[in-house]
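Keep the model open beside you and try each task before reading its solution.

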Amino acid sequence: MHARSWSLRVATPDDAAQVSALLDRSYGTIWVGHYDPDLIATVRPFVTRANPKLLASGTYFVAEAPGGLAVGCGGWTHEAPGTAALEDGVAHIRHFATDPDWLRLGIAAAMLRRCMAEAKASGAVTLFADSALGAEGFYGAFGFEVQGPTAPLINGHALPGVLMRVAL
Ligand SMILES: CC(C)(COP(=O)(O)OP(=O)(O)OC[C@H]1O[C@@H](n2cnc3c(N)ncnc32)[C@H](O)[C@@H]1OP(=O)(O)O)[C@@H](O)C(=O)NCCC(=O)NCCS
């Protein structure tokens with residue numbers, strides 16, 4: 001049985017292994033039922049690799065349980081995922097995940113609130129999230145609205161998602 005307490009901190013490059021393991025636990029479990037199993041197996045090694053640039057950004061967070069286990073991760077950047085494009089007043093949510101054993105405890109909510117507050121303080125007026133299928137309800141709970149389907153290519157394979165947007 002887990003102690004159900006956790007705290008949020010800024011991620012560092014030293015978190016790479018922990019964050020990769022967390023992304024793998026999360027996507028490998030929660031995406032089942034939302035994605036074709038063969039597609040999960042194909043893209044999993046690529047989408048669960050912690051992004052070193054995010055870990056060093058100062059705007060990527062880890063939720064840590066007592067003992068140091070990472071049970072949540074996520075952040076925001078001005079750079080768009082994939083292209084690194086910059087647009088005045090625009091920010092992007094990046095690589096969110098909660099441990100499947102730690103869902104619905106407010107972990108992702110705490111990270112998202114922090115991202116929204118920081119992005120707004122930095123001058124962003126619009127925040128986008130490339131939501132995975134199944135995560136629309138989470139972003140919707142914070143005022144994000146569906147813009148349309150997305151299908152970024154992951155090592156040549158289209159991974160369906162939903163582009164969502166909120167005004168800050
Ligand atoms: C989406 C995700 C990050 C949410 O994490 P979480 O820590 O369980 O979310 P929270 O506990 O902070 O939820 C806050 C609120 O968001 C909403 N919410 C969260 N998950 C939801 C879901 N699956 N469906 C509908 N609403 C949801 C609820 O309103 C919830 O409040 P409540 O529990 O009081 O009802 C998690 O399900 C996850 O890791 N999914 C797999 C990875 C993924 O797809 N990440 C997003 C990539 S863009």
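The exercises below look at a helix, a strand residue and the ligand.

Two notes come before we start. The model is predicted: local features need pLDDT of at least 70, side-chain atom pairs count only at pLDDT 80 or more, and totals for chains, interfaces and linings use all residues. Residues are numbered from 1 along each chain as its sequence is written.

**Exercise 1.** Find which residues of H1 are buried, and what they pack against.

Solution. Helices (H or I, at least four residues) and strands (E, at least two) are DSSP runs, numbered from the N terminus. Buried means 20 or more other C-beta atoms within 10 Å of a residue's own, exposed means 12 or fewer, and partly exposed is in between, with C-beta atoms placed from the backbone. In H1, Val19, Leu22, Leu23 and Ser26 are buried. They lie on the same side of H1 because they cover an arc of only 100 degrees around the axis (the arc of directions from the helix axis to the C-beta atoms). Their packing partners are helix H3 (52–55), strand E2 (60–64), strand E3 (70–77) and E4, where contact means backbone-placed C-beta atoms within 7 Å.

**Exercise 2.** Decide whether Arg165 is buried, partly exposed or exposed.

Solution. First locate Arg165: strand E9 (residues 161–167) holds this residue. Next, count: Arg165 has 16 C-beta neighbours inside 10 Å, so it counts as partly exposed.

**Exercise 3.** Sort the shell around the ligand by class.

Solution. The shell has 13 nonpolar, 6 polar and 2 charged residues. Ala, Val, Leu, Ile, Met, Phe, Trp, Tyr, Cys and Pro count as nonpolar, Asp, Glu, Lys and Arg as charged, and the others, Gly among them, as polar.

Definitions and conventions: Two residues are in contact if their C-beta atoms, placed from the backbone, lie within 7 Å.
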